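Colleague: I am new to reading models like this one. Could we go through the terms one at a time?

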Amino acid sequence: MKFEHPAGLNPIDRLTVVGRPVDRIDGPLKTTGTALYAHERHDVAPNQAYGVVVGAAIARGRVETIDVRAARAAPGVLAVVTTLDVPRLGRGRMNYAYLFGGAEIQHYHQAIAVVVAETFEQARAAAALIRADYTPEQGRFDLAAEAGHAPLHGDGDEPVHRVGDFETAFAAAPVTLDRTYTTPDQSHVMIEPHATVAVWDGDRLTLWTSNQMIAWSKKAVADILGMPAEKVRVVSPYVGGGFGGKLFVRADAVLAALGAKAAGRPVRVALTRPLVINNTTHRPATIQRIRIGAERDGRITAIAHESTSGNLPDGSPETAVAQTKLLYAGAARMIAMRLARLDLPEGNAMRAPGEAPGMMALEIAIDEMAEALGLDPVEFRIRNDTQVDPAHPGRPFSYRDLVGCLRLGAERFGWSARDPKPASVRDGRWLIGLGVAAGFRNNLLTKSSARVELDRHGVVTVSTDMTDIGTGSYTIIAQTAAEMLGVGLEKVVVRLGDSDFPASAGSGGQWGANNATAGVYAACVRLRDAVARKLGLNATDIDFADGEVMSGDRRVPLGEAAGEGLSAEDGIEYGSLAKDYQQSTFAGHFVEVAVDAHTGETRLRRMLAVCSAGRILNPKSARSQVIGAMTMGAGAALMEKLSVDTRRGFFVNHDLAGYEVPVHADIPHQEVIFLDEADPISSPMKAKGVGELGLCGVGAAIANAIYNATGVRVRDYPITLDTYLDRLPRPA
Amino acid sequence: MNVTLTVNGETRSAEVPPETTLLVFLREYLNLTGAKTGCDIGDCGACTVILDGKAVNACLMLAAQADGRDVITIEGLATREGLHPLQKVFEETGALQCGFCGPGVILSAKALLDENPAPSKQEIRNALAGNLCRCTGYVKMIDGIQEVAETMRSVPTPALPAASKGEQKHG
């Protein structure tokens with residue numbers, strides 16, 4: 001189905017199942033521990049052996065020799081494969097680091113060997129016996145040191161995005177801001193590490209793995225291993241979190257495959273947590289300079305956002321400037337990115353790549369600018385709202401209610417009680433502050449397919465390679481099929497995460513919900529047509545409800561209509577609506593913090609997000625997505641940072657004791673409000689994404705609240721107390 | 001070496017190498033994979049099980065240390081009558097998303113409620129301090145656990161067969 005015009009009325013608009021806060025259909029499996037994740041697929045093949053990955057001990061250079069004699073002789077060892085045994089393998093289309101093969105080491109903990117043994121303990125013990133000799137080379141590991149000479153890296157055709165004459169407008173502006181902000185390298189910290197069971201059947205390879213993007217990964221496995229894609233099957237029905245860290249196949253998948261080949265047995269490999277951090281991908285650090293010029297009435301006249309990040313050769317920048325093209329009005333604009341060559345592990349997508357760190361910076365700058373103008377920061381944002389793409393005024397937003405988010409949020413949060421003068425509210429030993437930030441993340445459209453089958457019992461089975469990484473895909477897909485075919489959820493079976501199923505949008509970029517359900521919608525339309533044809537009815541005047549097909553006075557139970565079974569496959573593809581309209585999602589984030597006047601300890605007290613994100617397909621699972629994202633935003637603001645050893649070139653705090661994420665005691669009251677809306681330009685579902693929106697802006701709202709509480713402006717994340725303790729006001 | 005313990009009310013035993021952790025014993029030898037491997041060094045709590053009434057990280061304990069003792073895993077929580085109230089509330093409130101941390105969180109919560117049937121929010125937060133969740137944050141879990149505590153207090157009799165069984169054994 002080609003989606004080329006804004007959606008009119010369709011069966012989804014009945015909202016008898018879609019839009020309801022139904023429980024996750026995978027809930028019982030997950031609360032009873034019976035949902036099977038990759039590392040526990042005992043069921044898929046007997047006689048599984050265990051593989052343990054050995055990572056490089058240098059960050060850059062060559063591995064000259066690898067002595068595996070002791071490892072091979074160790075008890076239980078079945079096979080050892082080293083990176084010197086194979087030529088450099090291919091790599092996935094969207095990756096910059098090679099996963100295995102050859103002597104060159106591109107980054108610390110790049111895999112150099114896999115040891116396969118009868119038990120995990122034997123494999124681990126033997127792995128410790130491997131000795132590698134390296135010729136190290138000097139690498140570049142310090143972003144701050146490289147930033148000064150990092151070249152421009154354009155986004156598309158233009159090296160620098162310009163609208164109007166920024167420099168002149170900025171020089172002429174009566175009120176200006178010129179500040180630099182930094183965000184650190186971050187780790188996804190999905191609780192399930194990357195894991196794979198690999199099984200060869202002749203020249204056919206099946207990987208039971210933990211992956212967000214099945215079709216991408218099937219192709220990547222074929223490219224890496226140099227085999228035809230049709231010989232590769234990737235299966236990933238349950239994923240223990242991803243956040244972008246499982247968009248791509250990683251060393252666990254490749255080395256399980258090579259280990260299984262060498263051992264002649266199915267092999268299971270999981271990455272240890274240190275390998276997750278240094279062997280896989282991370283969100284790259286940024287240095288962001290923001291300049292804003294405004295009239296005294298608060299209208300922005302000039303805005304510039306420049307960001308520098310680093311990556312391996314061939315790598316891409318963290319696109320932290322993206323939202324600044326679109327979020328606020330302003331006639332003169334300049335947007336640029338610089339990319340430094342670094343020899344750290346590969347920087348790549350983590351939840352809301354670009355916008356997450358970009359909003360952390362931009363939304364502090366907006367707060368600072370509001371203060372300079374003497375304007376309330378909510379009002380300043382509202383005053384600079386735009387309903388069109390500022391670079392192309394003829395291109396409107398498909399739907400944008402940032403103003404509504406901010407207004408409702410301010411009302412619900414009690415914003416009017418905020419004292420704009422910093423450090424003026426006390427509660428005993430605590431300094432109290434309120435902060436606000438806008439949230440913004442684009443809505444991306446990508447094709448997605450599904451197969452829908454109807455059996456003689458009226459049971460509907462949906463199959464698609466879409467993944468559920470915790471997001472609720474199983475449930476919203478079931479809701480979509482139930483709505484389209486007029487059956488209860490108990491009549492719908494959803495099968496996900498298998499490359500044998502039609503290719504979907506996959507889970508990433510908060511595009512999964514809208515696109516995958518739109519693909520299911522398309523397949524259901526085709527199935528409705530097939531039912532109509534079979535019954536000799538006109539597809540345009542039949543209805544599906546209560547388990548029956550209805551046309552005039554005629555009512556046929558769906559199972560009866562199916563006969564021996566009907567099947568339909570289709571997908572959604574998009575025309576030019578994404579070009580004609582800017583499609584984005586919006587939020588207002590409000591935070592209250594308390595900062596200990598004596599110790600500087602920051603405690604969150606309340607968080608509120610008001611979201612404008614199209615139709616909410618399931619308010620319960622959407623709320624969970626946003627609350628989880630707000631929690632991740634709290635981590636980004638207050639604690640999360642991969643510390644770089646700039647001499648040796650690796651992330652030092654490579655475990656969950658050293659890389660801190662929020663725990664129960666860090667998180668107070670959180671609330672989410674979804675504005676009641678539908679965006680007919682996004683898809684037939686009229687939905688957009690929420691999973692990343694909930695993160696974008698949260699960190700800045702916290703930073704702004706800390707400023708309001710203390711009068712101390714911190715522009716470098718994370719805002720740990722050592723960054724501001726010596727600047728706190730003297731306790732009265 | 002032989003390790004024999006009571007798991008979810010049943011005697012289970014296996015021959016394992018002495019370096020086998022309780023987590024590997026449960027997952028690889030008994031095929032009870034509800035307890036998860038998230039970090040393998042006691043940081044994340046995904047491997048939490050209840051040992052003689054206390055929540056423990058199964059990754060930090062050798063199977064041999066659990067020999068002769070009583071273990072409850074997530075697989076032992078539901079009964080023929082249905083899900084444990086904690087399982088039900090986690091399902092209904094949407095306290096889980098990817099589900100990987102869930103078994104550990106639910107078992108930490110059960111160990112808490114068995115010991116303290118009326119915990120405050122802060123007590124719940126402290127009891128669950130060792131369980132990381134990256135998808136859902138924590139407010140839904142805390143609310144859900146408090147709701148279960150209230151319900152269980154208002155229903156006097158054995159809404160909790162698994163708990164009462166456990167108490168008999170190590171009481």
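Colleague: How far apart do the C-alpha centres of domain 1 of chain B and domain 2 of chain B lie?

Modeller: They lie 21 Å apart. Keep in mind that this is a predicted model.

Colleague: What makes these two stretches of chain B separate domains?

Modeller: The bounds come from an automatic or database domain assignment. Domain 1 covers 2-76, and domain 2 covers 85-153.

Colleague: How do you know that the two domains are in contact?

Modeller: Contact needs heavy atoms within 4.5 Å. In chain B, 17 residues of domain 1 and 13 residues of domain 2 take part.

Colleague: How much area do domain 1 and domain 2 of chain B bury between them?

Modeller: About 1200 Å², with 64% of it on carbon and sulfur atoms. On the domain 1 side, B:Thr48, B:Ile50 and B:Ile74 supply 39% of the buried area, more than any other three residues.

Colleague: Why is the pair B:Lys54 and B:Glu115 called a salt bridge?

Modeller: The rule asks for a side-chain nitrogen of Lys or Arg within 4 Å of a carboxyl oxygen of Asp or Glu. Here we have a Lys and a Glu, and the closest N and O atoms are 2.8 Å apart. That is within 4 Å, so the pair is a salt bridge.

Colleague: Which strands of chain B each supply at least two residues of the side of domain 1 that touches domain 2?

Modeller: β3 (48-51) and β4 (54-57) do. The largest share, 3 residues, comes from β3(B). By class, that side of domain 1 has 7 nonpolar, 7 polar and 3 charged residues.

Colleague: Now the two chains. How many residues does the contact take from chain A and from chain B?

Modeller: It takes 57 from chain A and 51 from chain B. The area buried between the chains is about 4200 Å², and carbon and sulfur atoms give 57% of that. In chain A, A:Thr31, A:Ile191 and A:His664 lose the most area to chain B, together 21% of what that side buries.

Colleague: What makes B:Glu28 and A:Arg268 a salt bridge?

Modeller: Apply the same test. The N to O distance is 2.9 Å. The cut-off is 4 Å, so the pair passes. Between chain A and chain B the rule finds 4 salt bridges. The count of residue pairs in polar contact is 23.

Colleague: Which element gives the most to the side of chain A that touches chain B?

Modeller: α16(A) does, with 9 residues. The residues of that side divide into 24 nonpolar, 21 polar and 12 charged.

Colleague: Why is the aromatic pair A:Tyr37 and B:Phe100 called edge-to-face?

Modeller: Two values decide. A pair of aromatic rings is described by the distance of the centres and the angle of the planes. For A:Tyr37 and B:Phe100 the centres are 5.1 Å apart, with 85° between the planes. Pairing needs centres within 6.5 Å, and edge-to-face needs planes over 60 degrees apart.

Conventions: Residues numbered from 1 in each chain as written. Chains lettered and ligands numbered in written order. Predicted model: local features only at pLDDT ≥ 70, side-chain atom pairs only at ≥ 80, totals over all residues. Heavy atoms only, no water. Buried area = accessible area lost by both parts, 1.4 Å probe. Helix = DSSP H or I, 4+ residues; strand = E, 2+ residues; numbered from the N terminus. Nonpolar A, V, L, I, M, F, W, Y, C, P; charged D, E, K, R; others polar. Polar contact = N/O pair within 3.5 Å; in protein donor to acceptor, adjacent residues only side chain to side chain. Phe/Tyr/Trp six-rings, centres within 6.5 Å; stacked < 30°, edge-to-face > 60°.
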